[in-house]
Amino acid sequence: MTDTIVQTFHPLDPLGEDEFRRAAAIVRRDRGVDERWRFTSIELAEPDKQQLAAYDAAGTMPDRQAIVVCLHRDSNSTYKATVSLTGDVVLTWTHLPGVQPNFTVDEWDECDRAMRTHPDVIAALARRGVTDLDTVFMDVWTYGDILIPDRYQGRRLGWTDTWVRSPGGENIYAQHLRGFHCIVDMNSMELLEIEEGDPIDLPEVMAEYRPEVVPAQLRDSSTRPPLKPLDITQSEGPSFTIEGNRLEWQNWSLRVGFNYREGMTLHTVRYNDHGTVRPIAHRMSFAEMAVPYRDHCPDHYRRTAFDIGEWGIGFMTTSLELGCDCLGEIRYLDAVLHNTKGEPYTIRNAICIHEEDNAVLWKHVEHGGTADVRRMRRLTVSSHMTVANYEYLVYWRFYQDGNIECEVRATGLMVTTALREGEEHPHGILVDNRTYAPIHQHFLTARLDLDIDGSGNTVYATETETEPIGPDNPYGLSLRQKNTPLRTEEEGKQDFNWETQRAWKVVNENVTNGLGTHPSYKLVPGAAFPHMFDPASPIFRRAEAIAHTVWVTPNHPDERWPSGEFVNQSGPSLGLPEWTAANRSIENTDVVVWYTFGIHHIPRPEEWPIMPVDVCSFWLKPAGFFDRNPALDVQPTPPAACHHHN
């Protein structure tokens with residue numbers, strides 16, 4: 001069940017359709033942007049904390065502004081504008097020499113069409129035995145600066161994979177045409193070069209997952225009985241409320257945002273602690289996702305995707321109208337984006353909001369049989385992205401005991417490559433007949449602008465130490481906790497340590513709780529793994545955010561992107577390594593914590609032809625933020641809802 005949400009206006013609300021139109025129209029009018037340009041990105045210029053404080057205190061509305069990035073295709077020139085929607089004027093217009101903005105969905109589609117109709121490509125495919133162009137798909141990828149051939153320097157460059165459907169099949173990623181790649185000028189869609197590779201007979205594979213095209217012998221041999229109904233109902237509706245983009249539930253309040261690059265964003269996360277509304281986070285989002293394929297062969301050495309910086313996962317967000325993605329009493333938020341002409345479009349049901357039962361919250365059975373049990377309810381805010389062959393499902397979950405969980409699930413279709421009979425495949429795993437999937441990694445970097453009881457915070461590394469055996473510890477039993485303040489950006493470069501169970505606390509030392517200690521939230525790491533790159537690798541140097549599990553920086557409005565603002569065709573050491581070279585103070589200030597986690601993906605045959613979800617997550621947990629269990633006041637479940645056998 002869903003309801004339409006009544007919209008109200010707040011300075012953090014994402015741009016609406018009319019605002020996208022106006023921003024593009026103002027730039028066209030004032031800067032002569034015509035059909036030879038692309039609008040690669042338009043997003044809200046978010047007001048800063050001081051402006052938001054003025055709005056909260058007195059209703060003072062800040063100037064409504066948009067950031068617009070335009071690409072002139074004929075000159076391959078990038079310009080960045082600040083547009084006042086309130087004042088109907090371009091405030092700044094800056095040429096950015098040597099910069100390539102993000103690729104767009106329009107370019108992705110246009111490149112596929114242009115290559116599949118190009119006579120040279122058609123002829124080359126025919127030489128490989130592929131003549132039915134309706135079975136062919138050209139999947140365009142970006143280049144890193146170091147990999148661009150000298151002869152193509154100065155161009156907006158893409159390269160394509162070529163995929164072929166199996167006979168009678170529907171999976172466009174069924175078979176990779178090994179070695180066959182097109183090099184394309186993305187501004188003109190000019191074919192610059194065809195890499196034809198060495199011909200190889202395509203192996204017969206079972207690459208289908210949709211029931212109607214899965215071979216009959218596999219369907220008919222299934223022994224899985226159908227499931228009985230599992231009905232999730234809330235007869236009185238959900239326990240949360242939404243007003244515009246503001247969400248409230250069980251002492252929590254927050255705002256949900258959205259933009260082309262990060263997709264869903266969360267703002268002004270607060271907790272009502274017995275009448276005192278306490279800030280926890282100003283803004284939380286994913287700032288980068290780097291996916292290097294760890295195979296140096298000609299098909300994969302260029303395959304390192306920066307899905308957020310090079311493309312934008314907002315553009316990849318899919319409507320949750322298209323499947324059974326959420327269950328129960330659901331509310332949705334739409335998202336508005338734009339094409340490269342600056343024309344807006346709406347993703348219906350882009351964000352799902354619902355409650356979930358999550359088993360027991362707390363319980364104790366007293367001697368004699370008296371039992372107290374509270375079931376756990378959690379609020380889930382989610383969105384899903386289809387990034388070419390992969391799906392990423394993002395869930396932010398809020399719990400009644402003050403915990404926040406961030407979970408990402410990866411599913412979809414793995415990249416595969418055909419093998420010759422008896423050929424070795426040391427950098428991948430065999431998943432079908434003469435077909436392997438290369439080893440790869442998914443690194444996600446979360447940007448956590450935490451404000452624990454205010455913006456003056458210090459981050460501590462917290463570790464468990466073993467106390468040596470001695471007179472005070474004769475049995476070698478005692479453990480103690482070591483908390484080390486991180487004072488500078490250099491100290492803020494931190495790595496996960498399993499042996500000491502290292503975690504990190506964001507502490508407000510200007511406030512004292514009821515126990516006489518300082519309130520904090522603890523980043524409990526999950527899905528942390530080493531990058532496994534040689535530090536000299538040019539691929540690694542474009543993604544140095546993955547060098548450490550955690551970075552801590554002072555909050556700065558221009559420091560949003562851990563691998564640089566313009567990642568497409570970028571060079572080394574941008575973003576976090578560039579900023580932190582100044583080694584600024586991070587003590588008792590407005591800090592940002594950057595956390596990198598993800599999936600070290602060693603493919604399995606069980607993930608072919610479609611991958612069951614692989615799950616990774618981390619937690620933010622109160623650690624002295626409350627004086628005691630904040631969920632003592634959770635009401636028991638009514639007896640009528642509990643099922644007991646006699």
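Q: Which residues does F398 touch, not counting residues up to four places away in sequence?

A: F398 touches W249, W252, L254, L266, V269, R377, R378, L379, N403 and I404. Touching is a contact, that is, heavy atoms within 4.5 Å.

Before going on, a word on the model: it is predicted, with local features needing pLDDT of at least 70 and side-chain atom pairs counting only at pLDDT 80 or more, while totals for chains, interfaces and linings use all residues. Residues are numbered from 1 along each chain as its sequence is written, and side-chain values use heavy atoms, leaving out hydrogens and water.

Q: Why is F398 called buried?

A: Buried means under 20% relative accessible area, exposed over 50%, and partly exposed in between, using a 1.4 Å probe and protein chains only. F398 has 0% relative accessibility, so it counts as buried.

Q: What makes the stretch around F398 a strand, and which one is it?

A: A strand is a DSSP run of E with at least two residues, and a helix is a run of H or I with at least four, both numbered from the N terminus. F398 is found in strand 19, residues 390-399.

Q: How many helices and strands does the chain have?

A: Eight helices and 31 strands.

Q: Why is the chain called as compact as a globular protein of its length?

A: The radius of gyration is taken over C-alpha atoms, and the globule rule is 2.2 Å times the number of residues to the power 0.38. For 646 residues the rule gives 26 Å, and the chain's value is 26 Å, so the chain is as compact as a globular protein of that length. Buried residues make up 55% of the 646.

Q: What makes strand 2 and strand 3 a pair?

A: Two strands pair if DSSP finds at least two bridges between them. Strand 2 (residues 65-72) and strand 3 (residues 77-84) have eight bridges, in the antiparallel sense. Within this pairing, Q65 stands opposite S84 in strand 3.

Q: Which sheet do these strands belong to, and which strands are at its edges?

A: Four strands form an open, antiparallel sheet in the order 1-2-3-4. Strand 1 (37-44) and strand 4 (89-95) are the edge strands, as each pairs on one side only.

Q: Which helix lies across these strands, and at what angle to strand 4?

A: Helix 1 (residues 17-31) lies across strands 1, 2, 3 and 4, running at about 65° to strand 4. Axes are lines fitted to C-alpha atoms, for helices over the stretch in contact, with angles from 0 to 180 degrees between N-to-C directions.
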